[in-house]
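Here is a short briefing on one protein model. Take a look at the sequence and the structure first, then work through the points below.

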Amino acid sequence: MRTAESKRQIRNWLETPVHIAPLITLRVVIGALLLFSTVRFVALGWVDDHYVRPLFHFKYFGFEWVEPLSAGGMYAVHGLLMLSSLCVLLGLFYRLAAIVQFLLFTYTELIDLTYYLNHYYFVSIVCGLLVLAPANRAFSLDVWRNPGLLQRRIPRWTIFVFQLQLGIVYTYAGLWKINYDWLVNALPLKIWLPANDRLPLIGWLFDQKITPWLFSWAGMLYDLTIVFWLSWSRTRYWAYLTVIVFHGLTGLLFQIGVFPLVMVGATLVFFPEKWHRKRLGRLSAFFKISQSAPVQERAYRLPGRVRTFGAALLTAFFLFQVLFPWRYLLYPGNIFWTEDGYRFSWRVMLMEKAGTATFFVRDARTGREGEVVNSEFLNSHQEKQMAMQPDMILQFAHFLKKHYEKQGLLNPAVRAEVYVTLNARPSRLLLDPKLDLTQLSDGWSPKTWILN
């Protein structure tokens, strides 16, 4: 009985009508940032660098079928991504625009594993959740076109799912910082921070011996507790100030693109409806947008079957988000060394890792062996990332086998001498340099061929 009563209370809480304003702010922020980010991406020439010029693209396990289009196709994809993001921002043909935005952004990220970053994963999730949210039911061109769409009250869950996702990101980012290297050795911040000692005004701070430890502990405590402080009305504004300072510093110190802006903008979803309504009211007045309601404003409510299916889908999704990061417990060895279970678990900037990988191809017919020039196939970023990530090393070896078979070599064997340094420790072999990597396959099982 208690379980049934608890479920009923949770369901009622999630379906309680709340004002749509926080969701509108999130829609505008995500649409604007994706539009800006995509324009910046194209302007910097990264479409060619990432998708057109490389002869080989590293694949996510299970998504080997995702391939880039031609140069014209990739520019068209980014053009459509700009258009869909603009439509999401304006709330124009919103549902279609949100679907296109989610699919195209996710597609561009799935093309090459090289460019995986936690914040791209986060943005893709937020875009997917926006597809489900009624974020165009106010302050949108859709409402301007059809005033009957206006609905100021929406179920609490449509906003809570974004708060929950942010909570998962921050909490896991903090949990994973509770490790010996981060808290006791202040690594990798002890490596990174001194490189910024010439910054104006604050550069002197990074030259102090105590600073890496202060930043390490502060970063861990910030990630673990910030959602609580943002959720509590008495501390919300001070907490948001720390969000700005924290992400502003990370953006200044590290090359992580628009991620700081994404987090600063997304965490506004924790602010109360009064705060959002005030800002949106000012925008409405500035752009002379009428916010008058129709005579009978309908309450937003999904049909019963759709609501049941949506609840099941979101429950399964968030269970995955909570459980999947713990899969590393199923693998032996140091996760930072093997990287089994590392991705998609919100491990943010926890290590300084670098490697060198020299590949050798041997012809079974002649027994002759030659050294591969990696730069003939990979761009500099691909080569850098591949040289320290075991699954990428394996993928490249299989690519080389196929490539040299086409060149006339008989059943070529591929081995690699890979030396990796982790958190400034002495460089050492990652795998047996005599091992024929083409005889191995990737999968969910532990990479027992990695030297520990």
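A residue is called buried when its relative accessible area is under 20%, exposed when it is over 50%, and partly exposed in between (1.4 Å probe, protein chains only). Both Lys 447 and Asp 340 are buried by this rule.

This is a predicted model, in which local features need pLDDT of at least 70, side-chain atom pairs count only at pLDDT 80 or more, and totals for chains, interfaces and linings use all residues. Residues are numbered from 1 along each chain as its sequence is written, and side-chain values use heavy atoms, with hydrogens and water left out.

**Salt bridges**

- A salt bridge is a side-chain nitrogen of Lys or Arg within 4 Å of a carboxyl oxygen of Asp or Glu.
- The structure has 14 salt bridges.
- Lys 447 and Asp 340 form one of them, with N and O 2.9 Å apart.
- Lys 447 sits in the segment after β6 and Asp 340 in the loop between α16 and β3, so this pair ties together parts that are 107 residues apart in sequence.
- Helices (H or I, at least four residues) and strands (E, at least two) are DSSP runs, numbered from the N terminus.
- Asp 142 pairs with Arg 145, and their closest N and O atoms are 3.1 Å apart.
- Both of these residues lie in helix α7 (residues 141-145), three residues apart, which is about one turn of the helix.
- Asp 142 is buried at 4% relative accessible area, whereas Arg 145 is partly exposed at 47%.
- Lys 59 and Glu 67 also meet through their side chains, at 3.5 Å from N to O.
- Here Lys 59 is buried, at 9%, and Glu 67 is partly exposed, at 44%.
- Arg 153, Glu 273 and Arg 277 are linked in a network of salt bridges.

**Cysteines**

- How many disulfides does the structure hold? It holds zero.
- A disulfide is a pair of cysteine sulfur atoms within 2.5 Å.
- The sulfur of Cys 87 has its closest cysteine sulfur in Cys 127, 14 Å away, so the two are too far apart for a bond.
- Cys 87 is buried, with a relative accessible area of 14%.
- Cys 127 is buried too, at 0%.

**Surface patches**

- Patches are made of residues with over 30% relative accessible area and no salt bridge; like charges are joined within 9 Å, and nonpolar side chains (Val, Leu, Ile, Met, Phe, Trp, Tyr) within 5 Å.
- Accessible areas come from the Shrake-Rupley method with a 1.4 Å probe; for residues, only the protein chains shown count as cover.
- Leu 80, Leu 83, Leu 86, Leu 90, Leu 141 and Trp 144 make a nonpolar surface patch of about 590 Å².
- Helices α4 (71-90) and α7 are the elements that give two or more residues to this patch.
- The largest share, four residues, comes from α4.
- Leu 80 belongs to helix α4 and is partly exposed, at 46%.
- A positive surface patch is formed by Lys 274, Lys 278, Arg 279 and Arg 282.
- For charges, Lys and Arg count as positive and Asp and Glu as negative, while His and the chain ends are not counted.
- The place of a charge is taken as NZ of Lys, CZ of Arg, CG of Asp or CD of Glu.
- Arg 279 is in helix α14 (residues 273-287) and is partly exposed, at 33%.

**Backbone details**

- Most residues other than glycine have a negative phi, and most peptide bonds are trans.
- Where does a cis peptide bond occur? It joins Leu 187 and Pro 188, with omega about 10 degrees.
- Pro 188 is in the loop between α9 (180-183) and α10 (189-192).
- Glu 339 is not a glycine, yet it has a positive phi of about 60 degrees.
- Glu 339 lies in the loop between α16 (335-338) and β3 (353-362), and it is buried at 12%.
- Ala 424 also has a positive phi, near 70 degrees.
- Ala 424 is in the loop between β5 (413-422) and β6 (428-429). Is Ala 424 buried or exposed? Ala 424 is exposed, with a relative accessible area of 58%.

- Leu 313 is in helix α15 (residues 304-323) and is partly exposed, at 41%.
- The C-alpha atoms of Leu 313 and Pro 212 are separated by 42 Å. These residues are 101 apart along the chain.
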